[in-house]
Amino acid sequence: MRRLFPVTEETAARTPDAGGARTSAAAEGSDLVDREWSLDELAAAYAYPEPAPGGREPWLRANMVSTLDGAAQHGGRSQPISSDADMRIFGTLRGLADVVIVGAETVRQEGYRPARAREAFAEARRAAGQTSAPAVAVVSASLDLDFSLPLFTSPSVPTILLTGAAAAPDRVATAEKAGVRVVVAGDGMGVEPARAVRALADLGLTRLLSEGGPRLLGQLIAADVLDELCLTVSPMLTAGDAQRIAGGPSVPVPKRFALASLLEEAGFLFGRYRRT
C-alpha cells in the first residue's frame with residue numbers, strides 16, 4: 001500500500017488525543033492515497049522553497065536512509081536497506097537539485113557516478129534555469145580520489161571538488177587536469193560547511209542536496225547549515241555496528257526539526273523534516 005500523510009499547519013496543530021499523540025485527517029483515513037505517486041506529485045511534495053523577493057537563498061537538504069535500529073548502511077553500503085520507492089524519491093530529489101554534495105568516503109564506498117539527465121525533469125529544469133542534471137560536489141580534505149573514474153572524467157555537468165586552502169597542490173593539479181572544478185571552502189586542510197554552502201551559492205547553485213555520508217551530515221548538523229532532512233525509515237533490523245545517519249561529535253543542544261510530510265509504502269516511511 002502507498003499512502004500519503006500530508007502535514008499542514010492545520011493538521012499539525014490538532015489537539016493531542018487521549019494518549020498524547022497528535023492526529024491528522026490522514027491518520028483518521030480521510031486523506032489516504034493508495035496508488036503509486038507520479039513523478040510530478042513527488043516533485044511537488046519535495047519542492048524547494050520559493051525564492052524570496054531579493055532572490056533565491058541557498059537551501060540545503062539531506063537525504064538519508066536508516067533501519068529501525070539506526071543503521072545507515074549494511075555491508076558498508078546503503079543499497080541493501082533501500083527500496084524501489086526510496087530510489088524513486090532519491091531520483092526525484094536529484095531531479096530538483098542544482099548540486100549533490102557528497103563526502104569522499106561515500107564516493108569511494110558507493111561507487112558514485114555522475115548524476116544523469118532525466119527526461120522527466122528536463123522541461124522543469126530548463127524553466128528553472130538549471131543545467132540538464134545536477135552537478136556533484138565532492139567534499140575532500142586529502143583529495144585521495146581516483147580521478148580516472150567517470151564521476152570526474154565524463155559527467156554531463158563538471159564535477160566540483162570542495163577542499164581546504166592547504167590541500168596538496170599536486171592533488172589539486174591532478175583534479176583540475178581531469179576537468180574537475182576545485183573550490184576552496186576552508187582555510188586549512190578541511191572544508192568549513194558554511195563556506196561550502198556559500199561558495200556553491202556564489203556559483204548559482206542554491207538548491208543543495210547532501211547524500212552523506214554520516215560524517216559529512218554530522219559536520220553539516222554541527223555547523224547549523226542543514227535546512228531540511230529527508231529521511232527514509234527502512235522496516236529492517238541489522239544489528240551490528242553500522243554507522244548512524246550522522247556521525248562526529250555531539251551538538252551541545254539537540255536541534256529541533258518539524259515534520260513537513262510523511263509518505264508510506266510497504267512499511268517504508270519517507271519523512272521530510274524542516275528546521276523550526
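Some ground rules: residues are numbered from 1 along each chain as its sequence is written, and side-chain values use heavy atoms, with hydrogens and water left out. As the model is predicted, local features need pLDDT of at least 70 and side-chain atom pairs count only at pLDDT 80 or more, while totals for chains, interfaces and linings use all residues.

Let's start with confidence. pLDDT is the predictor's confidence in each residue, from 0 to 100. Its mean over the protein is 86, and 87% of the residues reach 70 or more. Helix H1, residues 9-12, has the lowest mean, 43, and strand E7 the highest, 98. Helices (H or I, at least four residues) and strands (E, at least two) are DSSP runs, numbered from the N terminus. Over residues 7-30, pLDDT stays under 50. Where pLDDT is low, the predicted coordinates should not be read in detail.

Now to strand E2, residues 59-67. How many of its nine residues are buried? Nine of the nine, so E2 is largely enclosed by the rest of the structure. Buried means under 20% relative accessible area, with a 1.4 Å probe and protein chains only. Trp59 and Arg61 are among those pointing one way, and Leu60 and Ala62 among those pointing the other.

And its partners? Strands pair if DSSP finds at least two bridges between them. E2 pairs in the parallel sense with E7, residues 207-210, over four bridges, and Ala62 stands opposite Ser210 there. E2 also pairs in the parallel sense with E8, residues 228-234, over seven bridges, where Met64 stands opposite Leu231.

Definitions and conventions
Buried < 20%, exposed > 50% of the residue type's maximum accessible area, 1.4 Å probe, protein only. Contact = heavy atoms within 4.5 Å.
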